[in-house]
Amino acid sequence: MIVQALAFYLFAIVAIAAAVMVISARNPVHSVLFLILTFFNGAGLFVLMGAEFLAMILVVVYVGAVAVLFLFVVMMLDINFAELREGTLRYLPFGALIGIILLAELVLVFGAWTAAPEAATFAGDPGRMPAAPTNTEALGRQLYTDYIYLFQAAGLVLLVAMIGSIVLTLRQREGVRRQRIGDQVSRRRDEVVAIRKVESGEGI
Amino acid sequence: MDSLQGMIDAYPWIGDYLLPTLLLLVQIVLIVVILLLSVAYTTYAERKVMAAMQLRQGPIAVGPFGLLQPIADGLKLLGKETIIPAGANRVVFVIAPMVTFLLSLVAWAVIPFGDGMVLADINVGILYLFAISSLGVYGIIMAGWASNSKYAFLGALRSAAQMVSYEVSIGFVMITVLLCAGSLNLSTIVESQSGGFWKWYFLPLLPMFVIFFISTLAETNRAPFDLPEGESELVGGYNVEYSAMTFALFFLGEYANMILMSGMTTILFLGGWLPPVDVVPFTWVPGPVWFAAKIALCLFVFVWVRATVPRYRYDQLMRLGWKVFLPFSIFWVIATAGYLVAFDLLP
């Protein structure tokens, strides 16, 4: 238990410190790197809570894919750091306001939160716990049986977002010479090579 | 012995915390030492095998058959000076090789070397491996950015785009294997293939096996997908500015990743530590030996490919990843799931 408590405090402190560094680092690339550290410690906290599947998905999706794209974009930007600093004070009230609203909402949710009503009845009688050996399996059963329509709807929302972003960024340009792999592969020798007998002293 | 028992009784924390920690440390050191030795001799094997394929001799000067060559190379790198470029972002520049090296070691925690021989037998082992391998891109992209050099940056961008692209199809290949095995635990996945080599997943899932192997080539930035370090256009890729031990860490990390990917191929498709046939002379050989032999086979194919196949062009690489492998692997996931459900074979 002591080890778990120590691990919790380690992850929690590093997560909060890294989160503070995300907003206070001078260099945006450093900010993204600290953001990655925060995600990582969040995953550690998930593992401590026994939610190993969520922890791994957090690392795969957020650290492995989303943060890479952030890093790509931030590295490509040509940013004037001094100019960036100037705006900070102007945006501070907005940032603080959003932070306070989020905090209030979290407090409200936490105050009104109770564990699922079915779960409360299991507390006295562990024998009635649904038989799901691992956390991944339990999550899968919940998602694909009880919440299948919501799950499909979430997938559709993502699909629409994907199509939307492709439509927004796709542009058709005139006069672009495209490579057609099929044509290249199906090209035959006799279509492109001709062997001629050339007499010496004469051209073709 | 009595006094030791007495000490454990007197101070329960010794038995509760100290001894397990020491045991864990010994196991970790053992794995790391064996891994680093394998990395050293993978480089040697690569040079020898490529030399044989190109009718050369390879390293012969240091020790018998040049066997001490990797050690001489390591010592040489250790003795050199670490140069940090003037325009580099010092902290990130130094952290990048450490990240690469660390990630290549950390993944081995969940690899089962034999029946029950695994450091951490976690239930989401395969997801852990996937997560760690998707983090590998950070070492490279940080190195490229922190070097403050055009070549390094271009190499890093290429590498990152390539690794992110091929990870997607690796993920789908893993899902097909998971469907067949019915578990995310690596030991269970290996055990579900027991009964002889015709039960290993490389036969029923042959197309996925091929896709997985090619994707691991791309994921480890090996030939024919070694564009990040395409020396003809980028000098040496993301690690041009690195020297001495910082370079050595990248090098070690890269080869450790190759071995790791071969290990993943072995676990997912070649039956891990299981013998090819369950009859007597084969079952006498201990599991870790089979595991190592299968990894060596995969590594040989890695080298073989490098010696034979010319480098891909970058747009062709992206086309292969997104337009060929991705649709095909999605189709195969659906086909496998449909087959398993239709014939009621789900584990």
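**Helix packing across and within the chains**

Colleague: How do H3(A) and H6(B) cross, left-handed or right-handed?
Modeller: The crossing of H3(A) and H6(B) is left-handed. Keep in mind that this is a predicted model.

Colleague: Which residues make the contact?
Modeller: From H3(A) you have Gly64(A), Val68(A), Phe72(A), Met75(A) and Met76(A). H6(B) brings Phe153(B), Leu157(B), Ala160(B), Ala161(B), Val164(B) and Glu167(B). By class, the contact of H3(A) with H6(B) divides into nine nonpolar residues, one polar and one charged.

Colleague: Switching to chain B: how do H8(B) and H10(B) cross?
Modeller: H8 (residues 206-219) and H10 (residues 244-269) of chain B cross at roughly 165 degrees, with axes that come within 10 Å. That makes H8(B) roughly antiparallel to H10(B). H8(B) passes H10(B) in a right-handed crossing.

Colleague: Which residues meet there?
Modeller: On H8(B), Met208(B), Phe209(B), Phe212(B), Phe213(B), Thr216(B) and Glu219(B). They meet Met261(B), Met264(B), Thr265(B), Leu268(B) and Phe269(B) of H10(B).

Colleague: New topic: how many salt bridges over all chains?
Modeller: Six. One of them pairs Arg222(B) with Glu46(B), and their closest N and O atoms are 2.7 Å apart.

Colleague: What does the Arg222(B) and Glu46(B) pair tie together?
Modeller: Parts that are 176 residues apart in sequence, because Arg222(B) lies in the loop between H8 and H9 (231-234) of chain B, while Glu46(B) is in H2 (residues 12-53) of chain B.

Colleague: And what does the model score for ipTM and pTM?
Modeller: ipTM is 0.81 and pTM is 0.84. Chain B averages a pLDDT of 86, with 98% of its residues at 70 or above. For chain A the average is 82, and 84% score at least 70.

Colleague: Which element of chain A has the lowest mean pLDDT?
Modeller: H6 of chain A (residues 117-123), at 58. The highest is H8 of chain A (residues 148-169), at 93.

How values were computed. Residues numbered from 1 in each chain as written. Chains lettered and ligands numbered in written order. Predicted model: local features only at pLDDT ≥ 70, side-chain atom pairs only at ≥ 80, totals over all residues. Heavy atoms only, no water. pLDDT = per-residue confidence, 0-100. Axes fitted to C-alpha atoms, helices over the stretch in contact; angles between N-to-C directions. Helix = DSSP H or I, 4+ residues; strand = E, 2+ residues; numbered from the N terminus. Parallel < 35°, antiparallel > 145°, perpendicular 65-115°, else oblique. Left-handed = near helix turned anticlockwise from the far one by under 90°. Contact = heavy atoms within 4.5 Å. Salt bridge = Lys/Arg side-chain N within 4 Å of Asp/Glu carboxyl O. Nonpolar A, V, L, I, M, F, W, Y, C, P; charged D, E, K, R; others polar.
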